[in-house]
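Please keep the sequence and the structure at hand while reading.

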Amino acid sequence: MSGVATRPARVPARRGAAATGPRRLLGRLVGTAFGRATLACLALAGWALWTGGILDGPVARQVRVSSVYAAPGVDLDRDAAERVIGNRRLVVLIMEPGADLREACADTKRAAQGTLVLAMSRDGEDWDTYGCSRLGGDGAKDLGRAMVAETTIGRGADAFVDRPVEALKVIVLNYDRLVRAGLVPDGARTISPSLPRYLLAGGAVTGVVAGAAVLWFGGRRAGRLADARRAGRDARADERAALGAATAVLAQQIIDLDGYAGPAAPAHRRLAADYVGLLDEVSEVDDDAGALRRLRERVEELNRRAAALADDAASGRGTDRAGGRKQDKPPGGGAGRSAGGRPDRTASGRPGKAAAGAPGKGRTRGRGRR
């Protein structure tokens with residue numbers, strides 16, 4: 001028993017899983033809005049094709065838009081026959097000899113709705129005719145009218161077997177007598193498209209209008225976005241240009257202050273260090289308008305500091321251009337003069353004597369010798 005090989009049992013679950021693949025795909029398709037819209041469009045298109053006569057035969061396809069059908073091989077002036085019948089609720093089928101007229105009439109059940117149909121074919125020296133009414137309902141009164149109309153519409157046409165157009169004139173006269181007798185409703189035949197075609201046409205018009213509106217609004221929105229982006233680029237370019245100009249002015253002021261020394265030298269060095277650090281940030285900044293504006297404000301602040309240092313240096317509170325401190329003036333303002341530059345006078349108003357030890361002219365003044 002242990003040496004006998006056994007086949008593994010088939011697992012039916014895999015087949016079921018494979019079968020559920022299309023179902024799962026269909027469920028996903030139906031579960032989305034796009035899938036439901038697609039199925040609705042397919043159903044509408046199928047309805048339109050079915051009501052439009054996609055399954056109709058050649059007879060029904062012809063009488064949907066015409067009042068005369070002539071089988072191949074039948075000698076008939078179709079234009080003249082159309083003019084004879086006009087817009088009456090009458091459809092004439094001229095079939096080949098030996099054709100099944102009942103079947104030909106039944107093929108026009110949906111295509112010739114609301115008309116009186118007469119199928120006829122040549123049978124020797126006569127016309128073989130078969131009438132079917134598509135005018136009334138299924139009541140007893142409507143059924144009696146239909147029988148009278150079907151048996152009356154083809155009378156007298158046998159006299160014109162070789163001339164089908166003349167036979168159609170006789171059939172039209174019979175139809176007019178039926179109208180006057182009240183057996184056939186008066187009025188013209190109207191050929192109108194089916195409801196699905198109206199829906200498809202309406203959907204096409206709606207789609208075109210909606211698409212045009214979406215394109216228009218989308219174009220306006222794209223234009224506004226493009227204008228906003230262009231304005232943003234222009235603003236960033238202006239900010240960067242203003243930042244570059246302010247940085248150039250600051251660099252020139254630092255160069256002008258480079259020759260000063262003295263007590264204000266530490267402030268100059270701090271200003272230069274701040275400028276170098278600011279240059280790193282300026283080189284790394286992106287196109288953010290806010291960042292550019294903040295950097296420009298910092299550059300303007302450094303420019304104010306540089307201008308203040310330049311004013312201090314120019315007013316004498318800083319250092320001179322020679323690189324050393326300015327020379328202090330004598331406290332007395334010079335020999336024999338006060339600090340203001342005027343001659344020194346005593347309390348009596350006379351000029352005072354020179355300080356002791358000051359160099360004279362070689363002699364001294366006094367009251368006399370002792």
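This is a predicted model: local features need pLDDT of at least 70, side-chain atom pairs count only at pLDDT 80 or more; totals for chains, interfaces and linings use all residues.

## Sheet, cores and helices

Arg122 has Trp127, in strand E4, as its bridge partner.

On its other pairing, E3 meets E2 in the parallel sense over 6 bridges.

Taken together, the strands make an open sheet of 4 strands in the order E1-E2-E3-E4, with mixed pairing. E1 and E4 are the edge strands, each of them pairing on one side only, and the twist from one strand to the next averages 15°.

| Residue | Bridge partner | Strand of the partner |
|---|---|---|
| Arg122 | Trp127 | E4 |

H4 lies across E1 and E2 and runs at about 150° to E1, whereas H6 lies across E3 and E4, running at about 160° to E4.

The chain as a whole has 10 helices and 4 strands, and along the sequence these follow the pattern α-α-α-β-α-β-α-β-β-α-α-α-α-α. Of its 370 residues, 26% are buried. The chain exposes about 25,800 Å², of which carbon and sulfur atoms supply 55%. Among contacts with a separation of 6 or more, 60% are between residues 24 or more positions apart.

Which residues touch the most other members of the largest nonpolar core? In this core of 25 residues, they are Leu90, Val92, Ile153 and Ile171. The elements that give two or more residues to the core are strand E1 (68–70), helix H4 (78–85), strand E2 (90–95), strand E3 (116–123) and helix H7 (164–180). H7 provides the largest share, with 7 residues. Ile171, when residues up to four places away in sequence are not counted, touches Leu90, Val92, Leu118, Met120, Ile153 and Ala157. Apart from this core lies another, of 19 residues, which includes Leu243, Ile254, Leu278 and Ala291.

The buried residues of H7 are Pro164, Ala167, Leu168, Val170, Ile171, Val172, Asn174, Tyr175, Leu178 and Val179. What covers them includes H4, E2, E3, strand E4 (126–133) and helix H6 (140–152). Just after H7, Gly182 takes a positive phi of about 80°.

Two individual residues remain to be described. Ser67 is placed in the loop between helix H3 (58–63) and E1. With a relative accessible area of 6%, which is under the 20% cut-off, Ser67 counts as buried. Leaving aside its neighbours within four places in sequence, Ser67 is in contact with Glu82, Ile85, Gly86, Leu90, Val91, Val92 and Arg189; of these contacts, Leu90 and Val92 are also among the residues that touch the most other members of the largest nonpolar core.

Arg240, by comparison, lies in helix H8 (residues 195–256). At 33% relative accessibility, Arg240 counts as partly exposed, since this class covers values between the 20% limit for buried and the 50% limit for exposed residues. Arg240 and Leu295 are 55 residues apart in sequence, and the distance between them in space is 9.6 Å, C-alpha to C-alpha.

Terms used
Residues are numbered from 1 along each chain as its sequence is written. Side-chain values use heavy atoms; hydrogens and water are left out. Buried means under 20% relative accessible area, exposed over 50%, partly exposed in between (1.4 Å probe, protein chains only). Contact means heavy atoms within 4.5 Å. Accessible areas come from the Shrake-Rupley method with a 1.4 Å probe; for residues, only the protein chains shown count as cover. A nonpolar core is a set of buried Ala, Val, Leu, Ile, Met, Phe, Trp, Tyr and Cys residues joined through side-chain atoms within 4.5 Å. Two strands pair if DSSP finds at least two bridges between them. Axes are lines fitted to C-alpha atoms, for helices over the stretch in contact, and angles run from 0 to 180 degrees between N-to-C directions.
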